[in-house]
Amino acid sequence: MYDVTSQESFDSLQYWLNSLQNNSSAFGVIVGNKNDLVSQIQVRPQDAASFATSNGYEFVETSASKGNDVETPFRIIAEKFIKTQRSS
């Protein structure tokens, strides 16, 4: 998860993804939070989506304060987990 109003927050994602990829076979979703703060957005959704795709992740933007799409990343992860378990 990163803060869409902070380029620095987005830029640190690569570090965290490298840590995950080096230590496990985890799957997940790149989540941009605070998309309700439209006038403060520093990270364009298309840039984040491209980053997520190039790293093998799905992308979702949310607003925790407004409750927008907060369940979506959990649903995506649950579906991937179930699919993984069924194919094992």
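Glutamate 58 is partly exposed, with a relative accessibility of 36%, where buried means under 20% relative accessible area, exposed over 50%, and partly exposed in between (1.4 Å probe, protein chains only). Its side chain meets that of lysine 80 in a salt bridge (3.7 Å, N to O), a salt bridge being a side-chain nitrogen of Lys or Arg within 4 Å of a carboxyl oxygen of Asp or Glu. This pair links distant parts of the chain, since glutamate 58 belongs to strand 3 and lysine 80 to helix 4 (residues 72-87), 22 residues apart; helices (H or I, at least four residues) and strands (E, at least two) are DSSP runs, numbered from the N terminus. Lysine 80, at 23% relative accessibility, also counts as partly exposed.

The model is a predicted one, in which local features need pLDDT of at least 70 and side-chain atom pairs count only at pLDDT 80 or more, while totals for chains, interfaces and linings use all residues. Residues are numbered from 1 along each chain as its sequence is written, and side-chain values use heavy atoms, with hydrogens and water left out.

Strand 3 (residues 58-61) runs parallel to strand 2 (residues 29-33), and 4 bridges join the two; strands pair if DSSP finds at least two bridges between them. Within this pairing, valine 31 stands opposite valine 60 of strand 3. From strand 2 the chain passes through helix 3 (residues 45-54) to reach strand 3, in a β-α-β crossover that is right-handed, meaning that, with the strands pointing away from the viewer, the path from the first strand over the helix to the second runs clockwise.

Side chains of opposite charge can pair when their charged atoms come close, and the count of salt bridges here comes to 4. One of them joins lysine 34 to aspartate 3, with the closest N and O atoms 3.2 Å apart. Because lysine 34 lies in the loop between strand 2 and helix 3, and aspartate 3 in strand 1 (residues 2-3), the pair ties together parts that are 31 residues apart in sequence. Lysine 34 is partly exposed, at a relative accessible area of 35%, whereas aspartate 3, at 18% relative accessibility, counts as buried.

Arginine 75 is partly exposed at 42% relative accessibility, and glutamate 79 is partly exposed at 45%.
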